[in-house]
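Me: I would like to learn how to read aromatic contacts and a nonpolar core in a model. Can we work through one case?

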Amino acid sequence: MHRLAELFVAATLLLPLAAAAQGSGARTIYCCDVGGQPVCGDILPNACYGRAYREISPSGTVRRNVAAPLTADEIAQRNAEARLRRVEEAERMKQLRLDQALLETYRSVEDLDSRRDRELADLDRTLRDLRARESDLLELQRSVIVDAQDLPRGTKDPGVVEDLRNLDSEILAQRSVIDAKLRERSAILDRFEEDRRRYLELTAPGEPSPRR
């Protein structure tokens, strides 16, 4: 019934324009639904503004469906979805670049393990040197303290006091460097563990190579 009503309205509108239509080309009828009933006109009816409408040929064929304008909430949702897609695409491209760099950096998982071991070995040598220096400072501190104990009771040697203060400061600085190197060592282990996991995923049988 709805379709028949629409065709009837379109035909009614076209009857007075039939002669003009033959001379100037086919006219378009614009129809929308208001309260479940079609509202049509040879120009867009006022009632159709802000609504979805159809463009209909004189033969009753729908030439084009025009969606209703988006509401403010729909526009906000559309923009939010677009932003999310951009973020997801940026993350995908970032991961793609990281994967490509990983495959170009290591020839094999054995190569990855070898580089990890070399980095750790270099860092462990540095840590041994730092700890040896710390031990030397602690020994020197003990020596200065023993010498200070030989002074007569109640007397203080300003030079000894200054030496102890300097040693305390240097020992603290040395321990701070050692702690930083230990954190660096832990970070190296974490990085190579993650690289190794991802490398095995990318080189698993049947896994496609990263592509843009």
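Me: Which residues does Y199 touch, not counting residues up to four places away in sequence?

Reply: In this predicted model, Y199 touches L102, L103, Y106, R107, S108, V109 and L112. Y199 has 6% relative accessibility, so this residue counts as buried, the cut-off being under 20%.

Me: How many aromatic pairs does a search of the whole structure find?

Reply: A pair of aromatic rings is described by the distance of the centres and the angle of the planes. Here the search finds three pairs. One of them is Y106 with F192, tilted, with 6.5 Å centre to centre and 55 degrees between the planes. Y106 sits in the loop between helix 3 and helix 4 and F192 in helix 5, 86 residues apart.

Me: Why is the pair of Y106 and Y199 edge-to-face?

Reply: The ring centres of Y106 and Y199 are 6.5 Å apart and the planes stand at 85 degrees; angles over 60 count as edge-to-face, so the pair is given that label. Y199 is in helix 5 and Y106 in the loop between helix 3 and helix 4, so the pair ties together parts 93 residues apart in sequence. Y106, F192 and Y199 form one aromatic cluster.

Me: Which residues make up the largest nonpolar core?

Reply: In soluble globular proteins, nonpolar side chains tend to be buried together. In this case the core has ten residues: L102, Y106, V109, L112, L120, L123, I188, F192, Y199 and L202. Helix 4 (109-149) and helix 5 (158-202) are the elements that give two or more residues to this core.

Note on methods: Residues are numbered from 1 along each chain as its sequence is written. This is a predicted model: local features need pLDDT of at least 70, side-chain atom pairs count only at pLDDT 80 or more; totals for chains, interfaces and linings use all residues. Side-chain values use heavy atoms; hydrogens and water are left out. A nonpolar core is a set of buried Ala, Val, Leu, Ile, Met, Phe, Trp, Tyr and Cys residues joined through side-chain atoms within 4.5 Å. Buried means under 20% relative accessible area, exposed over 50%, partly exposed in between (1.4 Å probe, protein chains only). Helices (H or I, at least four residues) and strands (E, at least two) are DSSP runs, numbered from the N terminus. Contact means heavy atoms within 4.5 Å. Rings of Phe, Tyr and Trp (its six-membered ring) pair if their centres lie within 6.5 Å; planes under 30 degrees apart count as stacked, over 60 as edge-to-face and the rest as tilted.
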